[in-house]
Amino acid sequence: MTLRSLLPIKSLFKKLLIRFFYGRQARTVEVVKDGPLVRCRLNDSVDFSVPAMNEFDLSGFSESPEGRAEIQGICKFAKKGGVLFDVGAHIGLISMAFCRSNTNNRAIAFEPSPFLHDTFEKIREINGLSERVFLQKNGIGETDGMVEMV
């Protein structure tokens, strides 16, 4: 089987994934500038804000069917409640959406990059989630060790 013959299968899988999480009904991920912040609103029910400089990070969830399906799927499952382990958390968008979906949800996030970690902390503060989102400045891996982050 060649890569070319797998492309239709990949396309079909992508469509099924989008339909499963995204459904046939119109679902929206709205990104609105609000002064120095950008607000992300999901189907008029879940919202969180980020600094305006991070608007591009939200575009992955707002501008493509795959991105909308991903964040909608996370919010759908988050409504049941629970704890999220966000490994490689980047700036915390998944943790924010998860915790905003249910007031009982908690997130334990790991982000080793000092810059991304600091940005995550700011976003957590902006959204008032310091009590429900625990953030560690380290990575998760197979072995113990130290790596210098640039």
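Visitor: Why is Lys-33 called exposed?

Guide: Lys-33 has a relative accessible area of 60%. Exposed means over 50%, buried means under 20%, and partly exposed lies in between (1.4 Å probe, protein chains only). So Lys-33 passes the cut-off for exposed. Before we go on: this is a predicted model, local features need pLDDT of at least 70, side-chain atom pairs count only at pLDDT 80 or more, and totals for chains, interfaces and linings use all residues. Residues are numbered from 1 along each chain as its sequence is written, and side-chain values use heavy atoms, with hydrogens and water left out.

Visitor: What is the overall layout of the chain?

Guide: The chain has five helices and six strands. These are DSSP runs numbered from the N terminus: helices are H or I with at least four residues, strands are E with at least two. Along the sequence the pattern reads α-β-β-β-α-α-β-α-β-α-β. Of the 150 residues, 37% are buried.

Visitor: What makes the contact between Glu-55 and Lys-33 a salt bridge?

Guide: The N to O distance is 3.6 Å. A salt bridge needs a side-chain nitrogen of Lys or Arg within 4 Å of a carboxyl oxygen of Asp or Glu. So this pair qualifies. Glu-55 lies in helix 2 (residues 55-62) and Lys-33 in strand 1, so the bridge ties together parts that are 22 residues apart in sequence. Glu-55 itself is partly exposed, at 29% relative accessibility.

Visitor: How many salt bridges does the whole structure have?

Guide: A search finds four. One of them joins Asp-47 and Arg-41, with the closest N and O atoms 3.2 Å apart. Asp-47 counts as buried at 17% relative accessibility. Arg-41 is partly exposed, with a relative accessible area of 25%.

Visitor: Where do Glu-121 and Arg-124 lie?

Guide: Both are in helix 5, three residues apart, about one turn of the helix. Glu-121 is partly exposed at 30% relative accessibility. Arg-124 is buried at 12%. Elsewhere, salt bridges with shared partners link Arg-39, Arg-41 and Asp-47 into one network.

Visitor: How do you know that the length of helix 5 agrees with its number of residues?

Guide: Helix 5 covers residues 114-126, which is 13 residues. The expected span is 1.5 Å times one less than the number of residues. That gives 18 Å, and the end C-alpha atoms are 18 Å apart, so the two agree.

Visitor: Which residues of helix 5 are buried?

Guide: They are Leu-116, His-117, Thr-119, Phe-120, Ile-123 and Arg-124. They cover an arc of only 165° around the axis, so they sit on the same side of helix 5. That arc is taken from the directions running from the helix axis to the C-beta atoms. The face turned away from the buried side carries the exposed residues Phe-115, Lys-122 and Glu-125.

Visitor: What makes the nonpolar surface patch?

Guide: Val-83, Phe-85, Val-87 and Ile-140 make it, and it covers about 400 Å². Patch residues have over 30% relative accessible area and no salt bridge; nonpolar side chains (Val, Leu, Ile, Met, Phe, Trp, Tyr) are joined within 5 Å, like charges within 9 Å. Val-87 has 48%, so it clears the accessibility cut-off. Val-87 belongs to strand 4 (residues 83-87).

Visitor: Is Gly-35 buried or exposed?

Guide: Gly-35 is exposed, with a relative accessible area of 65%. It is in the loop between strand 1 (29-34) and strand 2 (37-42). Its C-alpha atom is 8.0 Å from that of Ala-52, 17 residues apart along the chain.

Key. Accessible areas come from the Shrake-Rupley method with a 1.4 Å probe; for residues, only the protein chains shown count as cover.
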